[in-house]
Amino acid sequence: MNRGICCLFLCVALPTAVRAAEPSPLEQALSHEIMGPRQALLDVQDYIESRIPRMPEVKTVNEWEKHSQRIRQAVLERVVFRGEAAAWRDAKCQVKWFETIPGGPGYRIKKLRYEAVPGLWIPALLYEPETLAGKVPVVLAVNGHDSKGKAAGYKQIRCINLAKRGMLVLNVEWLGMGQLRKPGLQHYRMNQLDLCGTSGVSPFYLSMTRGIDVLLSQPNADAERVAVSGLSGGGWQTIFVSSLDLRVKLANPVAGYSGFRVKIRDHFKDLGDSEQTPCDLATVADYTHLTALRAPRPTLLTFNAKDNCCFEAGYALPPLLDAARPIFKLYGKDKALRSHINDDPGTHNYEKDNRQAFYRMVGDFFYADDKKYKNEEIPSKKEVKTSEELAVDMPDHNADFNTLARELAKKLPLTPALPADRQAAQKWQQTQRDKLRSVVHAKDFAVKATRGGSTEKDGLKATFWKLRLGEKWTVPVVELVRREPKATAILLNDAGRRTDMVNAERLLKAGYRVLAVDLFYFGEAKLAAKDSLFALLLSAVGDRPLGLQASELAAVAHWSLTERKHGPVTVVAVGPRMSLIALVAGGLEEKAVGGLELHGALGSLKEVLEQNRSVDQMPEMFCFGLLEALDVKQMTALVAPRPVTLLDPSPRTKRTE
């Protein structure tokens with residue numbers, strides 16, 4: 001063939017060969033945009049913001065003292081020490097001391113580990129001046145998300161400088177970092193404890209308070225001069241422990257936190273890990289409150305001008321000062337609240353300029369009458385040691401979030417067995433239904449439906465609905481009909497409605513009207529970025545992602561029954577997450593949900609622990625206290641006598657059904 005003819009043939013034929021097939025009417029309908037790309041984000045932002053507590057208006061110290069005592073007690077009891085954490089708090093802190101190694105001129109380093117919670121040991125280093133006389137200040141040195149942990153050079157230099165000034169300094173390892181860097185201590189796995197009804201933030205808090213215990217047990221420790229400081233996650237640790245533990249007399253959080261309101265609108269990079277957004281914290285306090293709880297104790301807020309990680313000074317610092325300044329002023333301690341903004345290098349750091357700001361703060365409040373005290377940093381780079389040199393002997397099987405949660409789960413759930421007697425069983429169902437409603441924080445939503453048009457092609461009619469639930473949440477629904485439907489099914493899929501043409505087609509052929517729905521966090525209602533962090537915030541303000549999703553499903557079913565007159569629906573849920581949501585909704589909504597068809601459902605919530613799942617992978621699975629109250633078997637019993645069909649179940653499901 002002539003080369004020119006061949007080229008012409010290819011140029012003409014190629015577009016025909018690669019032209020994509022036109023989407024089917026069903027595919028087009030399922031992919032139709034209903035609520036827009038930003039609506040889910042706007043919904044959750046508005047909802048969360050409206051529930052974040054504001055600083056109380058007080059005019060006297062006595063008024064503030066009442067508020068501060070209430071806030072502090074509520075955070076400790078309702079956030080930190082829930083469930084087994086109350087027993088952990090009362091357990092004796094075990095400490096094991098190891099070798100002492102040379103530090104540098106004027107100090108030595110003692111290796112130790114202490115037990116934060118039973119079975120979970122924290123490696124630490126005590127920097128001790130060679131000459132100790134009388135009572136001296138003590139400093140807890142914490143740190144953030146640095147893989148080097150306690151061996152980070154900038155942290156070592158800080159500890160060395162404080163020891164050379166005559167202080168006792170405890171350099172502690174943070175959970176998930178340094179020697180504690182292991183999958184089971186990854187921070188998103190702390191929520192495994194939440195699932196079991198025990199506070200996931202408690203090991204973090206106890207790690208800090210036990211460290212203070214160790215410091216104050218030293219013969220030369222001055223209980224009136226206790227300081228805490230750290231960078232980033234260490235800044236979060238500093239404000240969290242120093243606002244709640246009155247033993248901390250001076251605090252210097254460095255680039256470690258901002259208020260919730262700042263995070264949810266314009267500064268998503270501040271949205272932090274699970275420990276920074278613990279369940280129910282924002283029902284009691286924002287970080288503005290925690291900052292004010294420092295009054296009248298000396299507090300230095302350090303931020304960086306051009307922070308390349310998070311918590312830039314320009315937006316993070318002002319709301320904290322605005323909240324805390326009036327309280328410090330009530331005490332007549334205006335000068336005890338200070339701030340420092342770092343410009344050199346101005347990025348995320350605790351380098352020389354920030355360290356010297358801390359030394360000045362310590363000097364002003366712990367060494368006010370000591371004319372020999374110097375604020376300038378003592379050169380110590382040559383004394384920085386390797387991770388290997390600073391390694392502490394650790395047990396072979398140190399506990400972590402996963403092992404702690406699995407141990408707790410052995411005795412869960414605490415639900416009494418289902419009685420054999422019918423009348424007693426019905427009473428059991430009602431009692432457990434009320435418990436489930438309380439645990440997931442279920443809502444009864446009024447529905448306002450807006451019809452967004454329809455299409456009809458090849459016998460398939462698609463109607464597009466935007467449902468507003470309680471004037472707060474938006475749920476997109478695609479209603480699919482062929483011929484005259486005999487029943488109605490709600491179709492849910494972990495991957496979103498647009499991915500599930502197979503089940504939609506199967507249900508249409510079986511004579512169902514299909515309502516393809518995306519609930520909060522899925523499909524069209526999924527957030528484009530930081531989705532799991534907004535789910536954590538939802539729990540922090542006192543709601544539960546699982547409860548919201550199940551309530552949305554129940555509202556759609558109720559709307560179909562009462563407004564559309566379609567009769568009770570069969571909920572078809574594909575994937576372990578949607579299956580759990582459907583199971584909860586079926587247990588709560590007796591009239592509108594006529595039955596469940598679950599594909600790939602978990603046989604037990606304990607599988608989440610066995611698979612070592614984290615909250616960023618499936619936020620609704622970590623509903624606080626759900627496993628403590630009810631497991632899958634008990635929730636399934638709440639749906640009876642309505643049918644529950646299990647397809648492609650997990651091995652555990654096959655065993656238990």
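Visitor: Which residues in H8 meet which residues in H9?

Guide: This is a predicted model. In it, Phe204, Tyr205, Met208, Thr209 and Ile212 belong to the H8 side. They meet Trp236, Gln237, Phe240, Val241 and Leu244 in H9. By class, the contact of H8 with H9 has eight nonpolar, two polar and no charged residues.

Visitor: What makes H8 roughly perpendicular or oblique to H9?

Guide: Take the angle. H8 and helix H9 (residues 233-244) pack at about 70 degrees, with their axes 10 Å apart. Angles from 65 to 115 degrees count as roughly perpendicular. Therefore H8 is roughly perpendicular to H9. As for handedness, H8 passes H9 in a right-handed crossing.

Visitor: How do you know whether serine 202 is buried or exposed?

Guide: Serine 202 is found in helix H8. Its relative accessibility is 0%. Buried means under 20%, so serine 202 counts as buried. Leaving out residues up to four places away in sequence, serine 202 touches Val80, Ala85 and Trp88.

Visitor: On which strands does helix H8 pack?

Guide: Helix H8 (residues 202-216) touches E1, E2, strand E3 (120-129), strand E4 (136-142), strand E5 (168-172) and E6. Its direction makes about 135 degrees with that of E2. These strands belong to an open sheet of nine strands, in the order E1-E2-E3-E5-E4-E6-E7-E8-E9, with mixed pairing.

Visitor: Which are the edge strands of that sheet, and what makes them so?

Guide: Strand E1 (95-104) and strand E9 (337-342) are the edges. Each pairs on one side only. Neighbouring strands of the sheet are turned by 20 degrees against each other on average, direction ignored.

Visitor: How do you know that E2 is largely enclosed by the rest of the structure?

Guide: Count its buried residues. Nine of the eleven residues of E2 are buried, so E2 is largely enclosed.

Visitor: How do you know that E2 pairs with E1 and with E3?

Guide: Two strands pair if there are at least two bridges between them. E1 and E2 have seven, in the antiparallel sense. Threonine 100 stands opposite lysine 110 in E2. E2 and E3 have ten bridges, also antiparallel. There, the partner of arginine 108 is glutamate 128 in E3.

Visitor: What lies in the turn of each hairpin?

Guide: Two residues separate E1 from E2, and glycine 106 in that turn has a positive phi of about 95 degrees. Two residues also separate E2 from E3. There, glycine 119 has a positive phi of about 95 degrees.

Visitor: In which direction do E6 and E7 run, and how many bridges join them?

Guide: Strand E6 (residues 221-231) and strand E7 (residues 250-254) run parallel. Five bridges join them, against the two needed for a pair. Glycine 230 has its bridge partner in E7, proline 253.

Visitor: Why is H15 called oblique to H19?

Guide: The axes of helix H15 (residues 422-440) and H19 cross at roughly 130 degrees and come within 9 Å. Roughly perpendicular ends at 115 degrees, and roughly antiparallel means over 145. The angle falls between these ranges, so H15 is oblique to H19. Their crossing is left-handed.

Visitor: Which residues make the contact of H15 with H19?

Guide: H15 brings Arg433, Leu436, Arg437 and Val440. H19 brings Val584, Gly587 and Leu588. That gives four nonpolar, one polar and two charged residues.

Conventions. Residues are numbered from 1 along each chain as its sequence is written. This is a predicted model: local features need pLDDT of at least 70, side-chain atom pairs count only at pLDDT 80 or more; totals for chains, interfaces and linings use all residues. Side-chain values use heavy atoms; hydrogens and water are left out. Axes are lines fitted to C-alpha atoms, for helices over the stretch in contact, and angles run from 0 to 180 degrees between N-to-C directions. Helices (H or I, at least four residues) and strands (E, at least two) are DSSP runs, numbered from the N terminus. Angles under 35 degrees count as roughly parallel, over 145 as roughly antiparallel, 65 to 115 as roughly perpendicular and the rest as oblique. A crossing is left-handed if the near helix is turned anticlockwise from the far one by less than a right angle, and right-handed if clockwise. Contact means heavy atoms within 4.5 Å. Ala, Val, Leu, Ile, Met, Phe, Trp, Tyr, Cys and Pro count as nonpolar, Asp, Glu, Lys and Arg as charged, and the others, Gly among them, as polar. Buried means under 20% relative accessible area, exposed over 50%, partly exposed in between (1.4 Å probe, protein chains only).
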